Amino acid sequence: MSERDSVSRVQFKLDDALRLGYDYIKRRLDRATINIASIALGISFLSTLMLTDAFYRAYALAGGGRLSVETYQYWLMFVALVVSVVGVTNAMLIAVYERYREIGTMKCLGAMDSHILLLFLVESSIQGTIGGVLGFILGIIGALLSTGFTTGFDIILKVPLAEILLLFVGSTVLSIILSIVATMYPAFRAAKLNPVEALSYEL
Amino acid sequence: MSFETIIELEELARYYEMGGVTIKALDGVTIQIRRSEYVSIVGPSGSGKTTLFNMIGGLDRPTRGRVYIDGVDVSRLDAYELAWLRCRKIGYIFQTFNLIQVLTAIENVALPTVFAGVPRDEGLERAEKLLSSVGLSERLHHRPTELSAGQQQRVAIARAMANDPAIILADEPTGNLDLNTGMEIIDLLHGLNKTRGMTLIAATHDLKMIKASDRIVWMRDGKIEKIERG
Ligand SMILES: Nc1ncnc2c1ncn2[C@@H]1O[C@H](COP(=O)(O)OP(=O)(O)OP(=O)(O)O)[C@@H](O)[C@H]1O
Ligand SMILES: [Mg+2]
């Protein structure tokens, strides 16, 4: 390995990881769908409450009565988020088992632990992004359904657009963070796999 | 053709402890393999062929002894250097092909170039050439499930060559193929060995594969039983 210093590039760029992650999601859509649905449900709960709160404030400002989201509803939201994180962790762990051989093969082909880690985290970030956007859309519908009959459905037009955008960005970012947190442990296990064991693993 | 040593194994041993019993998967293997040589490894199931490949490829650490590749002691390499070795220096071919199922033929072949940091266009171009050279220019965008066993092994061979390695390790490459397809794969590997000068080490039960090789290493119980000229 005399030429090691001159061509010592073992690299794996973010766009490569993105492309591979996208391929995995596209080709194993069933598992990805479960993850996305799980995250979307948690986020939809969160954004329903946040938007409901925003609608109530806009309603009060416009001279309507004072209404507010109950504390126990925030607790339910918290539980929903925890449940969705656990669901994603579980699904990603199964994905790691399914891919034992492929992970072993990739390591044979020169993948480093960090490449495998990145691959799983990128995949879950993509799922988190989609889940976050879907969840927010569901959240708008949920909030309108829970407030619209008392405040009127045009209440959404009375909330400043900037506030809605902020909630959208916030819940999507939170969705991505939660997906990554949920995938940390499975991704770490995948990265640390011994290639010899991974290759001899029979499904 | 040069006759320098590319791989040197020195008293190589790998033991497994299984419930108080020591299994000697490799038990003192010493051999030198020349650049561009074609070596067949033959031996009954459990004689240590796969374990030997794992050692040469830096996938597993020996209990005792040394592996030198181009004069470098593999056990002294750090994680980064090991990845480099697997990526650039060695091409693996498996009995079960081990293609990445979500990727097409050309993407599978380009994957090692991705890990090597080769720009995407260049990697795909290289992959296309390699697939043509193994007779699959019409199958670039097929997925593994859309290919026959022989075609899958061809893709795997093209993938093994993606970073132009000096060494090809093939663990029973014809084990899952019928007679004729196996013959084609053997011819292909042999041709690569001759035309590109890749050092080819193949574990096999296949007599035709053995006959084509420069040397035949017979293994038994983790030891070299005898070495014959092909
Ligand atoms: N992870 C392991 N733990 C315990 N023993 C192992 C392990 N891997 C291999 N062995 C043992 O080491 C010995 C050599 O195994 P190896 O797989 O190298 O044989 P092989 O020659 O490749 O056989 P085959 O022709 O069946 O592939 C066997 O007795 C096997 O049971
Ligand atoms: Mg074996």
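I began with burial: of the 230 residues of chain B, 57% count as buried (under 20% relative accessible area, with exposed over 50% and partly exposed in between, using a 1.4 Å probe and protein chains only). I note that this is a predicted model, in which local features need pLDDT of at least 70 and side-chain atom pairs count only at pLDDT 80 or more, while totals for chains, interfaces and linings use all residues. Residues are numbered from 1 along each chain as its sequence is written, chains are lettered from A and ligands numbered from 1 in the order in which they are written, and side-chain values use heavy atoms, without hydrogens and water.

**Entry 1: chain B as a whole**

I found 7 helices and 10 strands in chain B; these are DSSP runs, helices being H or I of at least four residues and strands E of at least two, numbered from the N terminus. The C-alpha atoms of chain B fill a box of roughly 50 × 45 × 40 Å along the principal axes. I then looked up the contacts (heavy atoms within 4.5 Å). Among those in chain B between residues at least 6 apart in sequence, 70% join residues at least 24 apart.

**Entry 2: the surroundings of ligand 1**

I recorded 13 residues around ligand 1, the closest being B:S45, B:G46, B:K49, B:T50 and B:T51; a residue is near the ligand if one of its heavy atoms lies within 4 Å of it. In chain B, β1 (5-18), β2 (21-34) and α1 (49-56) each supply at least two residues of this shell. The most comes from α1(B), with 3 residues.

Next I looked up polar contacts, meaning pairs of N or O atoms within 3.5 Å. A polar side-chain atom of B:K49 lies 2.7 Å from an oxygen atom of ligand 1. For B:T50, an N or O atom in the side chain is 2.8 Å from an oxygen atom of the ligand. B:S47 takes part through its backbone, where an N or O atom lies 3.2 Å from an oxygen atom of ligand 1. Taken alone, ligand 1 exposes 640 Å², and the protein buries 64% of that (Shrake-Rupley method, 1.4 Å probe).

**Entry 3: A:T151**

I turned to chain A, where A:T151 is found in helix α5 (residues 113-151). Is A:T151 buried or exposed? I found that A:T151 is buried, because its relative accessible area is 8%. Leaving aside residues up to four places away in sequence, A:T151 touches A:Y56 and A:Y59.

Conventions:
A polar contact is a pair of N or O atoms within 3.5 Å; within protein, one must be able to donate a hydrogen and the other to accept it, and residues adjacent in sequence count only if both atoms are side-chain atoms.
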